[in-house]
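Hi,

Here is the model you asked about. Please open it alongside this note, and then read on for what turned up.

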Amino acid sequence: MIEQWLREHTVPTAQALGEITRQTAGEGAISGYGMKSKVRRLIDLLRCAMYPSVYHDGIVRPEFVPALVTGKLQEAAALLYEMCASVMTATCREAAKGGADCDCCREKADRAVCDFMDSLCGIARVLNTDIIAAYEGDPAARSTEEILLAYPAFEAISIFRLAHRLYELQVPLIPRMMTEYAHQLTGIDIHPGATIGEYFFIDHGTGVVIGETCIIGHHVKLYQGVTLGAKSFACDEDGNPVKGVHRHPHVGNNVVIYAGATILGGDTYIGDGCTIGGSVWLTRSVPAGSTVYNK
C-alpha cells in the first residue's frame, strides 16, 4: 500500500503542500534554506571566538589559539554577511519591485556586519561582568569556569548580548532567531530588543521572560519564573496590535526580583535598590529602596 501511495500521491501532495504553505512561508527568500542551522553555526563561531577554551571542540595548543580565533572570526563575518544580505534583500521594498538582488541592501549588510564585528570586544567585556555577577551572586558557584560551562543563564545572556547588537543595527529576523534558539536551550526567553545593563544574572533561569521594550539597569538579579511583560496591547482601527510602543517595565539598578514575580506595563518603573518578593504581581511603579512581597 505504501508503495502505491508513493507512486500515485507523492507528487500531487507535494504540489498541494507547496500551494498551501507558500502563502505564509513565501518562496524561501528570507530563510534561504537552512537559516536555522546558519543561526546556530553563527552563534557557535562567535562564542568560540570569545571563549575558545569553552566552545571549541578539540584541543588547541596555546600558541595556536590566536590563529583559531582569527579563523572563527573570518568564518563568522562571511556567514553573517550572507545571512544579512539575504534577510535585508528579502524584506526590502525596493528589491521587491525590481528583482531578487539589491545593491543597496548588500551595502547595508556589509556595514552592519563590519559594525557588529567591531563590537565583539565590547560585548565580551560586558559578558565578563555578567560572569562576575553570577559568581558573586550564587554561593553554589565554585569558579567562573563553572559559570561558562554549566549555567543556563550564561547560555541565554551570551546569545542575547550578540543578538541585541544586531537588533541595534536593524538587522531583520536574525536577532530574534538567535534568542529563540537560546530560549529552546535554556527556557529563558529574552527578546533581542530588551536593553540590559552590566553585571546581569539570572539564577536557575527556567521560565524567565523579558519583553522587547524592557529596560534593565546594572547589577540586577532575577530568579526563575520572573516575567517582565506587557499589560495589554493597544490596537489600531482595524484591530491589529500597534507595534513599536514602549510596553514593558523599566527596572533600575541593584534590583533583585525573586522567583515567580510578574511585573507588567510600560509605565511600571522599579526604582534602584528594590527587592521584589516571589510570586508578586505588579502593574504599578515602586519607589527606590522598596521591598515588595505577598502578605
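How many aromatic pairs does the structure hold? It holds three. Rings of Phe, Tyr and Trp (its six-membered ring) pair if their centres lie within 6.5 Å; planes under 30 degrees apart count as stacked, over 60 as edge-to-face and the rest as tilted.

Before the details, two notes on the source. This is a predicted model: local features need pLDDT of at least 70, side-chain atom pairs count only at pLDDT 80 or more, and totals for chains, interfaces and linings use all residues. Residues are numbered from 1 along each chain as its sequence is written, and side-chain values use heavy atoms, with hydrogens and water left out.

Aromatic pairs

One of the three is Tyr151 with Phe201. Their ring centres are 6.5 Å apart and the planes sit at 35 degrees, so this pair is tilted. It links distant parts of the chain, 50 residues apart. Tyr151 is in the loop between helix H8 (144-150) and helix H9 (152-168), and Phe201 is in strand E3 (residues 201-203). Helices (H or I, at least four residues) and strands (E, at least two) are DSSP runs, numbered from the N terminus. Both Tyr151 and Phe201 are buried. Buried means under 20% relative accessible area, exposed over 50%, partly exposed in between (1.4 Å probe, protein chains only).

Another is Tyr223 with Tyr258. Here the centres are 4.9 Å apart and the planes at 15 degrees, so the pair is stacked. Tyr223 lies in strand E6 (residues 221-223), and Tyr258 in the loop between strand E9 (256-257) and strand E10 (262-264), 35 residues apart. Tyr223 is buried, at 16% relative accessible area. Tyr258 is partly exposed, at 35%.

The sheet

Five strands form an open sheet with parallel pairing, in the order E1-E4-E7-E10-E13. Strands E1 (189-190) and E13 (281-282) are at the edges with a single partner strand each, so one side of each has no neighbour in the sheet. Two strands pair if DSSP finds at least two bridges between them. E1 and E4 (residues 209-210) pair over two bridges. Asp189 stands opposite Val209 in E4.

His191 lies in the loop between E1 and strand E2 (195-196). His191 is buried, at 14% relative accessible area. A polar atom of its side chain lies 2.9 Å from the backbone nitrogen of Gly193.

Best wishes

Terms used:
Polar contact = N/O pair within 3.5 Å; in protein donor to acceptor, adjacent residues only side chain to side chain.
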